[in-house]
Every structure is written in C-alpha cells, then in structure tokens.
Amino acid sequence: MIHLQHLVKDYGRTRAVDDLSLEVTAGEVCVLIGPSGCGKTTTLRMINRLIEPSSGHILIDDQDISQIKPERLRLSIGYAIQSVGLFPHMTVATNIAVVPKLLNWEKEATSQRVEELLRLVGLDPGEFGHKYPGQLSGGQAQRVGVARALAADPPILLMDEPFGAVDPLTRERLQYQFARIQQELKKTVILVTHDLNEAIRLADRIAIMSAGKLVQYDTPETILSRPANKFVHDFVGTDRALKRLSRIGVEGFVKPANPVAITDSISKIAAVIGRQPSAWVVNGDGRLLGWIDRKSLAQASSASQVLVAQTADEVAISRGATLHEALSLMLGQGVKSVPVVDEQERLIGEVSLSDVEAATVETEA
Amino acid sequence: MSGKQVTSWLILAILTAAFIIFIANSHWVEASLRFLFPQEEAVVLPRASLLEFFWQHVQLVAVSSGITIMIGIPLGIWVTRTSGRDFLPLVTDLTSFGQTFPPVAVLALVVPVLGFGFQPTVAALVLYGLLPVVRNTITGLKAVPWHYLDAARGMGMSRLEALFAIEIPLAAPVIMAGIRISVIVNIGTATIGAIIGAGGLGSPIIAGLIQDNLAFIIEGAVPAAILAILVDQFLANIERLFAYPAQA
C-alpha cells in the first residue's frame, strides 16, 4: 500500500503540489489525472524520490521512503515513461535487462526474464531482442518500455503517460493489453495521464487533480455519476453517460443469437429466421461466418449461396469488450445489434441497442 | 561488427602496411625523390632515415594526444557534473586560450622551463590540442536528452552508473569527433617540434626550408599527410563501433 500524507512541493513561490493526501491500495491501478500543470507528474516523481517533497511523507507498506536510499528504493519500483525513455544505444534485450543487471542477476536468469517479458507484451523475443529502439514503431517501443519497467518484478509501477506518443488506435490496443497484463500480475500501479478515456479504461480509482490539490478520488463509476464539484463535472464532460459505457463489459448483456449453421437446409433456415430480417451464420465449430438476409432466401437452394460472408474482425466484438465498443460498432455499421464472439471467434450471442440504452438509464439512477 | 566494418579495417591495415614498407626501404624513398627532383644534389636528409623521422613523429603524436585525451575527457566530464559546474566557464576559456596561442609561441615559452627536445614539444602540443577534446566532451554530454537520464535515474542507476552506461555512450560520437580533430591537427603541428630538436617529420621539412631544398620538404610533408589520412581513417573506424541505428 502506498500512502501519501500531506504532500507539499514548492518551486520558489509556486506551489506545485498542495497538501495532497492519497491512499493507493495494493494491487490497484490509481490514475492521476488533471489539466497540465496540476502537479500530477510532480506527485508521481516524489514517489520514487526523483523529486523530494517540501513537506509531508510518503509511506510504502508503512515505511517512510525518505529513510530508504533513493537508488535502492527505485530498484524496487518499476518506472515507465513515454517511449523516448528507451536507451537508443542499447538493444531491446539490453534495455529490458538494465534493472536486473543493476541487481546483479545471473546472465542466464536475466535472458530468460527478458524473453518472458517480451512474450508477455506480445513481441517475439527472437525478432525483437536484438533490435534497437530506433528500429521499433511507437507502439512496439512503448510495449518494450512497459516490459522494462516490469523487469525485476517490482510490486509497484510508476507510469508517466506510458501510452502517450502513439496514434489513438495503437493507444487503445496498448491500453487493453496493459489491462490484461495487470489483471494477471496485480501490481500496484500509479499512472499519470491527461487522457480521461485512458483513465476510465484502466483505473480502479481516479485521482483528479487541479492546481496541486486533489479534487476527487474515487472509482471511475462514481466520478462519472457523482462528480464532486463543478470542476470535475466540467472535466469529465457532458458525455459522461457515454464514457461510463466503457466501464461496463458486454458479457452481462449478451443474449442468445439464434444462429443458423451453414450446412442447414433452406427450409430449416427459414424456420429459424421466422419474421426476423436476418440471421447470423456459423460453421460446424460455431465460428461466425457472416449473415443471411431473409429476403434472399426465396430464390436460394443452399445457405452458402446467399451467405454474406464477413469475418468476426469486421462485424463482431469480443466478449471482453465494453458496451462503449459495442455502441460504436453499431453506430459505425448502422445496425441495431452486434454479434459477440469468444477468443476462437465462436458466436456466443448478440448485444442489442436497446440493452445499451437500458444500461445507460440504469447507471444514471 | 558488420561485414562492412571488417572490410574497412582490412583496407586500412593493408594501406598502413604498404606505407610503412615503402618508407622503411630507403632506396625506394631516395629513388622516388630523385625521379621528382633530378637536379638536386641531395634528395633525402642524411641526418637520419625517413623511418626514424617517422617513428619519432609517431611517438610525439601518440604521447601528446594520449595526454590530451587523458586530461581533456575527464576535465570535460568533471565540469558537467554538479561538483565541477562552477569551473565550466573557466575551463572553456582556458582551453580556447590555449588554442589561440600559436604553437610556435608556446614552444618559445616552454623551452626556458623544460629545455629542448621531446618534452617541451609534447607540452606545447597538449596545450594546443586540448580545446577540441574538452569542448566536444562538454557539448556531447550536454546534448544527451534529459529524459534518458531521467529514465536511468528513475530505474535506480546511481549518477556514476548513469554516466558510464548512458551519458558517455550517447556522447561518444561527439567526443570521438573532438578526438579526431585534435589528433589530426596534432600530426601537422608536431612538425614544429623539429625547431627545438624533437626530431620527427619536421626535421627534413625545416632543413629543406633552410637549405631551399624542395626534395627535403617533400620527404617530410608527404609522409606526414599520409599519416594524418591513415590515422583519421583509423579513428573513423573506431567511431563507427559506437554507432547504433537511429530513428527508422
């Protein structure tokens, strides 16, 4: 557990952090967010003593960190900054091995750990281990940055805009990957960002800061539904109902989809479709193949003739997705329901627009 | 090391060997100069063989550049640390001053203190060669982007570890460029050592100037120029060892 007690940081006459108290539960992701200059990065850098507070204390597991030698403290805290923090003159493998090397790990153990971490962040060790940061794309570099921070398996991770310098699509992918890794590793994470969607997606708790002060510290759901004051209200924006959808998984809203099999006869398909305009088509293993329009059935002799083939990538969402994704897919495709598939692209059901609406109303109350 | 680098080391080794074999063979040297200057009475300075002059010259350059590097780099590092930052302006001023001084004048100043020969020449050359090394060390270290240092310190490196693992490797190309300039200039400047009896390739040049014998001048000047080219290539090859693929 990390405990910030009445932290103050003055730079000359400006007060960057003003009497900040915060408790971060072990195994949780705490996101510090606020407009630039609100003191969030300063706060983060005080936790690994890159900046010393003017007054106040920081306790990690009840131990005052001002009593620990900074270098020793930092070796037990993972630190990830934007991809630019990778050392350009070292290979990816050497970059990841920096902290293990400082801790005098055995060579064998270090290289094993490097491979393990590269796999964890979804990079092939054989292909990427010997590359230099200059040869990576932005997204790859940031994944290496995360791997490097995790190298010595520290219980705490500090991340300063770790997904900042990439395009929105890559960022979203990195965020989901990070969420998956975090679910597995259960680190205590403090993450600084100015991207509210990122905060909502990743945080167990969000700390909203303004002018050095902590304005609200709560779960994303509470912050979205009950902003503490006008500042938070304005900060989360008028579309907070929409944002809240990205905290809700689709799994609770999946309904049976009544698919037809590609091998079914036309008459059977017609019976299943009934009065509906269309039906999803799966193969023998239950994998989604596309859909069939009811009107097209009249002239057809077999299902494969009239199948509108579409891959799960294009039309379906995975069961780990959020209602926010479901809604954007519906709006993007102009449909009233989207199929939900599992990891093997097997159809498990569908989510409809009315369910999303219901969820919005429900959480508003 | 890439195949390209192996090739450039190989070419350098062959050229150097060919050059040394040529100047070691005094008949070849004399015959070549005789061919160019058939009317001169003597075409090689009889005082010593060209190989001896060459070897003296290499010693002068090696010792003075070695000392320059051993003083210059630590000095440049020190004035960019917290402990030495106050001395930064003083050191840059002094090293610039050292280079604005004509080396001949430096010789005149050090002779009364150190006498004639090898040592005063080395002292003058060190003073003269310090500026590029110190200045490039400072520039190179200062140009290391702060976020690399921030990441290094944030990951738990001590200042010293960050200096050796991050700062110096990243500044190495700039530092190496400074060393290259210093050593190349040094090879040319070392010829003045002959004035106060340090020998070297300056001996035939100065004898040639005094006796109005162009063959002597060529005997000293051309090997000095070739030496400079070979050493420059050697240092360029070393510089390439520090290279890493930049932003793709």
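Analyst: Helices (H or I, at least four residues) and strands (E, at least two) are taken here as DSSP runs, numbered from the N terminus. The model is predicted, so local features need pLDDT of at least 70 and side-chain atom pairs count only at pLDDT 80 or more, while totals for chains, interfaces and linings use all residues. Residues are numbered from 1 along each chain as its sequence is written, and chains are lettered from A and ligands numbered from 1 in the order in which they are written.

Strand S1 of chain A covers residues 2-11 and strand S2 of chain A covers residues 14-24; the two pair in the antiparallel sense over 7 bridges, where pairing requires that DSSP finds at least two bridges between the strands.

Although Asp19(A) is not a glycine, its phi is positive, at about 50°. Burial is judged from C-beta atoms placed from the backbone: a residue is buried if 20 or more others lie within 10 Å of its own, exposed if 12 or fewer, and partly exposed in between. Asp19(A) counts as partly exposed because it has 14 C-beta neighbours inside 10 Å.

Arg49(A) is located in the loop between helix H1 (40-47) and strand S4 (55-60) of chain A. With 20 other C-beta atoms within 10 Å, Arg49(A) is buried.

The wider context is as follows. Chain A contains 17 helices and 17 strands, and its C-alpha trace spans about 80 × 55 × 30 Å along the principal axes. Of the 365 residues in chain A, 39% are buried. Two residues are in contact if their C-beta atoms, placed from the backbone, lie within 7 Å. Among contacts in chain A between residues at least 6 apart in sequence, 60% join residues at least 24 apart.

The contact between the chains takes 18 residues from chain A and 18 residues from chain B. On the side of chain B that touches chain A, the largest share, 6 residues, comes from H7(B). For the complex, the predictor gives an ipTM of 0.80 and a pTM of 0.77.
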